[in-house]
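Student: Can you walk me through this model? I'd like to start with the sheets and then go to the helices.
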Amino acid sequence: MPARTKAAGSKKHAAAKTRDPLAKVSNLAHNLWWTWNTDAKRLFESLDPALFRAHNQSPLATLAELAPTRRDSLAADPEFQSRLASVEDQLAAYLKTTSWFDRITAKNPAQKKMLVAYFCMEFAIHESMPLYAGGLGVLAGDHIKSASDLGIPFIGVGILWRYGYYRQEILSNGDVRVLYPATDFSRIPVTDTGKRFSMTIGKSKVKVAIWKMTVGRCPLYLLDTDLAENSPEDRKLTHHLYGGGSHEYRVRQEVLLGIGGLLALDTLGIKPTVCHLNEGHAAFCPLERLRRLVSKGMSFDDAVAQVRKHSVFTTHTPVPEGNDRFEPALVLKYLGSMLDDLGIDKNKFLALGRENPKDEKESFCMTVLALKLAEHCNGVAALHGHTSRTMWMKTYGAKRPEDVPIKHVTNGIHPETWLSDDARPFYAKHIRPRWNGAGPDDNWWKNADKIPHAELWNFRSMLRKKMVAELRTRLREQYMSNQGEGADILSLYDTLDENALTIGFARRFALYKRAPLIFKDAKRLAKIMGDANRPVQLIFAGKAHPLDKAGHEYTKIVAEMCRKPPFRGRVFILQNYDMRIGQMLTQGCDVWLNNPIRPLEASGTSGMKPPLHAGLNCSILDGWWPEGYNTRNGWQLGQGKVFKSRTQQDKHDAEAIYTTLENHIVPMFYQRGEDNVPNAWCTIAAESMKTICAKFSTHRMVAEYTKGYYLPAHG
């Protein structure tokens, strides 16, 4: 299905739209500020709650299928029109508010001219827009939202995926079915700019359309090759995120993102002063900038220095094999035409992507290319920064990790995106946030320990009950659609318990994250979970890469455990993990379990979300958790010990899970006072809110990038 083009009847269409009494609703939906504004979301839901849920909370899809009688009713409803006007006023106030960036640059006109272009292969803005696979996209989405809130001059550059990552169905036998439904671009808040450009990818002349999303104050430009003018092969470039199954497909997509992204900005007349590459997928961007400078007469070395000065690179991958690497012949096939403009031979060219420039057999690594062409480089947690410095010593010719110029900016989350709408009254009473115009130093949670335990516990229990109600609906639909057994459906009402200690595990099902680890000693776990007086339930969700057979096998193992008698009705797995499921589980679960193999978790952000809702972390000391854990705000697993043997590591870490559950988590949750409130638990929950929520926000993260990376790169 090709992208929309400017039709001859567009003026008639525009005129008809202005006569549509609900046109203002559509206009409002096209600024994705609504995705973190409760009043806006509730306004859209009120159009038709059943349709809104059926369309994964998409306002435009809901509008498209709204019954004529309902449209007329809403158009004539003064209460609805008043609420619509109120939300419009809120958006206008948001856009006019003096921002943090305005305040810090008030006396420096040169800094105000900074413009950051942020390149990323995926952006997770909302669950109704499947343009993301997982954590990288969630981080990018939260990054651009905080950039908007803070008023950073910031634009995103990505790809408009026709089929996205994939839709996951978990069959009754635990097998995974991979589906690729097409996205109807008319039903997501994306606008065709009408701008097109052509670029060469290998031997193909590819036509590219530029689409735009508006995220608060920030534009997000998305590239699309699924056009009638292109060959079938070139149209597929923007079909599948991390799909295709071949290195050639991937390298062509990365040429599109890195070089095509720059060409798109040229076409739009946008001249960024800083380019931020979020992971190595966009590393051809500084290479293209290098080519342009040399072709204008600058020496190669001077051009490298110039490109490096204005480039920021964030690496997310703590293992060498996780970084994109391509055979030299493949790189030359698609980028060899640059050699003449660069004035270098193929060996010097390929050396830009090699740890050992003299090793002609070494593959071409996108991360190495980005590291060599960006002066400002960082990992995404303190531990990951150390891991990265150790991993890339050879690239810098360093003898010690501390000599490698890779710093770290620990990831965060955008609080308003992940905060439950039902938590707002509680927050208004106890936390009193002032989101509009907020800065990175504003800490609404600093007095969380003053919240009365009874009220904190009621808050926590309300969110768990809400989650269980939604789980029953989702799991019933899942079991019915995949021919599940009647006993599975009965368990949703018989044993899925809104008052039981609920543990969540939801993330990508990569092998190092070890989703089934908790089942290593199934008998011991069954004893912990099966106590009728102290019930425990465990909720899983997650996707493996569509071609990752071992990851899908992990899904099957967990699904099989759900059906075994000791765990039936106590363990559940949700299919098609997305942002909405992530929100539901991080809001409703009492404990967030995380057991990766240290130090393979670069950061992880899912565990930063439960503290917003008085939830607690129980995690291996990996990623962000070594910076977050303080002995009083959750639990650590494994003491940070690392073993060479995977068998020994799994045994040690599983034992840590069981002993922590048996000796700490379960007893503390069920140890109640006369008012039926677990006071010791509430003390830890309040400490978790106090110490984690502000520190691990993207407001803090984006401010660190701005002060330590963007402004220095802007120069």
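Student: In what order do the nine strands of the open sheet come?
Tutor: The order is S5-S6-S7-S2-S1-S8-S9-S12-S13, with mixed pairing. Strands here are DSSP runs of E with at least two residues, helices are runs of H or I with at least four, and both are numbered from the N terminus. Two strands pair if DSSP finds at least two bridges between them.

Student: Before we go on, what kind of model is this?
Tutor: It is a predicted model: local features need pLDDT of at least 70, side-chain atom pairs count only at pLDDT 80 or more, and totals for chains, interfaces and linings use all residues. Residues are numbered from 1 along each chain as its sequence is written, and side-chain values use heavy atoms, with hydrogens and water left out.

Student: How does S5 pair with S6?
Tutor: In the antiparallel sense, over eight bridges. S6 covers residues 204–215. Met-199 stands opposite Val-206 in S6, and Thr-200 has Lys-205 as its bridge partner there.

Student: And the turn? How many residues sit between the strands of that hairpin?
Tutor: Two. Gly-202 in the hairpin of S5 and S6 takes a positive phi near 70°.

Student: Which helices lie across strands of that sheet?
Tutor: H12 (residues 247–268) lies across S1, S2, S5, S6 and S7, at about 125° to S5. H31 (residues 698–714) lies across S1, S2, S8, S9, S12 and S13, at about 155° to S12. Axes are lines fitted to C-alpha atoms, for helices over the stretch in contact, and angles run from 0 to 180 degrees between N-to-C directions.

Student: How do H12 and H13 cross?
Tutor: Their axes come within 8 Å and cross at roughly 55°. H12 and H13 are therefore oblique to each other. Under 35 degrees counts as roughly parallel, over 145 as roughly antiparallel, 65 to 115 as roughly perpendicular, and the rest as oblique.

Student: Which residues of H12 and H13 meet?
Tutor: From H12, Val-251, Glu-254, Val-255, Gly-258, Ile-259, Leu-262, Leu-263 and Asp-266. From H13, Phe-284, Cys-285, Glu-288, Arg-289 and Arg-292. Contact means heavy atoms within 4.5 Å.

Student: What about H23 and H27? At what angle do they pack?
Tutor: About 140°, with their axes 8 Å apart. H23 and H27 are therefore oblique to each other. The contact includes Leu-463, Met-467 and Leu-471 of H23, and Ile-581, Met-584 and Leu-585 of H27.

Student: New topic. In what order do the six strands of the other open sheet come?
Tutor: S16-S15-S14-S17-S18-S19, with parallel pairing. S16 (571–574) and S19 (634–637) stand at the edges, each with a single partner strand, so one side of each is left without a neighbour in the sheet. Neighbouring strands are turned by 20° against each other on average, direction ignored.

Student: Over how many bridges do S14 and S15 pair?
Tutor: Six, in the parallel sense. S14 covers residues 501–506 and S15 covers residues 536–541. Thr-502 has Gln-537 in S15 as its bridge partner.
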